[in-house]
Amino acid sequence: MAAADPAVPVSLRRVAVVLGLLEMFGPISMDLYMPALPQLATDLGTSESLAQATMSACMLGLALGQLAVGPLSDRFGRRKPLLTGVALFAVLSLVCAVTPSIELLLAARFFQGLCGSAGIVIALAVARDLTQGVDLVRLLAMLTMVGAIAPIVAPVVGGQLAPYIGWRGIFAVLAGIGVALFVLALTSLPESLPPGARHVKGSGRQFGAVLRDKLFLGFLVVGACGGVAFFTYLASISFVLQESFSLSPQWFSVCFAANAVMSIIGAQINRVVVRRAGPERMYTVGTVITALAAVAMLVTVLVGGGLVPLLIALALLMLVGGVTQGNGSALALADHGERAGTAAALLGTTSFAVGPLVAPLVSLGGTTPLTMSLTMAVAYTAAATLVLVAVLPGLRRRSRRVVDVEKLEVVPPGVV
């Protein structure tokens, strides 16, 4: 495991706050202007699908950027790639604010995500530099608690700002947030990867070493399924609640923020329980319950249950998702501390890349509660099935290997 430079005193609580705020890049890039998506479509004279595609473009940038930034951080340290990415994110947010057409906005959003990916992938890599195992799960739970401020506050703020400053003003606000996070990272985040732990060889070898791990590949596929489900939710929920159920932007933002609160509660439940139950059990049970909640939401829509049952099913889904997320990341990174940036990049890419490709296709015929709930139910059910038939057996084999190694280490010298 790469360790922080012992010469640099590190407060995990302070680092968790900084890393959690850096992880805000993904959600805040989406959630702050989500209430203004219908307004954006009208203003630029475009369709719902293309308006949603501005979120897809940013998510694709977030995905592909991680593939570059993660290995770079393994080679040059965490701080330089992070600071460069955050600074460029702020600049590109201003470009989004002044763009005159949907085509230029799509391009600007892609590059904005490309640069913003630095905060996401390096936050996870730094966490793995400093901790592992159950301690890593608990640190990631702290990151979730801090980072979930964005899904709670951003849609509420965006819903209140949209009628007054419009979607262009919201992108200007994003630029200001980028500047603030740059200053915070510059002054408060020490380098966690000392020169002696860095990889000077090409990134291709690092990717190859990680991808040869079949268990890690299982986590990647499960993450891709989860990414499809979650991004479908992000891209669809504003249209579902505001158009299908006639909620105002303000009430939509309140409902969206309430779901984010459920995710925080789930992460903190996991932080308390994981020492006793173990990350493997929490991950497996959480994934299965998430699938069941998604199927319950689909059934609710099919029988015409209305808004309240839909919101209850979504709240349960977000609660259990908060329990599951940190465990999956910690288990996937367990064998890859020496190349945490590369492994974190692959995890992030699978979550951020597949979803943006699927969600706009789902909404081509219009965004409805049925298209949203059906896609989420299929994706989460596929994820739970993969965990049960592929990931869980791999985790058990890994645990047996660890036990066997520990037994060998206690055998006295000369004894066969």
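**Close-up views of a predicted helical chain**

**Figure 1. Salt bridges around Arg 78.** Two salt bridges are counted in this predicted model, a salt bridge being a side-chain nitrogen of Lys or Arg within 4 Å of a carboxyl oxygen of Asp or Glu. In one of them the side chain of Arg 78 meets that of Asp 74, at 2.9 Å from N to O, and in another Arg 78 meets Asp 129 at 2.8 Å, again N to O. Through shared partners, the salt bridges join Asp 74, Arg 78 and Asp 129 into one network. Arg 78 and Asp 74 are buried, as are both Arg 78 and Asp 129, where buried means under 20% relative accessible area, exposed over 50%, and partly exposed in between (1.4 Å probe, protein chains only). Residues are numbered from 1 along each chain as its sequence is written, and side-chain values use heavy atoms, with hydrogens and water left out. Because the model is predicted, local features need pLDDT of at least 70 and side-chain atom pairs count only at pLDDT 80 or more, while totals for chains, interfaces and linings use all residues.

**Figure 2. Helix H5.** Helix H5 covers residues 79-98, and its 20 residues should span 28 Å at 1.5 Å a residue, which agrees with the 30 Å between its end C-alpha atoms; the expected span is 1.5 Å times one less than the number of residues. Helices (H or I, at least four residues) and strands (E, at least two) are DSSP runs, numbered from the N terminus. Among the buried residues of H5 are Pro 81, Gly 85, Phe 89, Ser 93 and Cys 96.

**Figure 3. The largest nonpolar core.** This core has 118 residues, of which Leu 19, Leu 22, Ile 237 and Met 376 touch the most other members; a nonpolar core is a set of buried Ala, Val, Leu, Ile, Met, Phe, Trp, Tyr and Cys residues joined through side-chain atoms within 4.5 Å. H10 supplies the largest share of the core, 16 residues. When neighbours within four places in sequence are left aside, Leu 19 is in contact (heavy atoms within 4.5 Å) with Ala 123, Val 126, Ala 127, Leu 143 and Leu 189.

**Figure 4. A nonpolar patch on the surface.** Val 295, Val 299, Leu 302, Val 303, Leu 370, Leu 374 and Val 378 form this patch, with about 620 Å² of accessible area together. Helix H12 (279-302) and helix H15 (369-409) are the elements that give two or more residues to the patch. Patches are made of residues with over 30% relative accessible area and no salt bridge, like charges being joined within 9 Å and nonpolar side chains (Val, Leu, Ile, Met, Phe, Trp, Tyr) within 5 Å. Accessible areas come from the Shrake-Rupley method with a 1.4 Å probe, and for residues only the protein chains shown count as cover. Val 299, found in helix H12, counts as partly exposed at 44% relative accessibility.

**Figure 5. Ser 246 in a loop.** Ser 246 is placed in the loop between helix H10 (214-244) and helix H11 (249-277), and its phi is near 60°, a positive value in a residue other than glycine. Ser 246 is exposed, with a relative accessible area of 61%.
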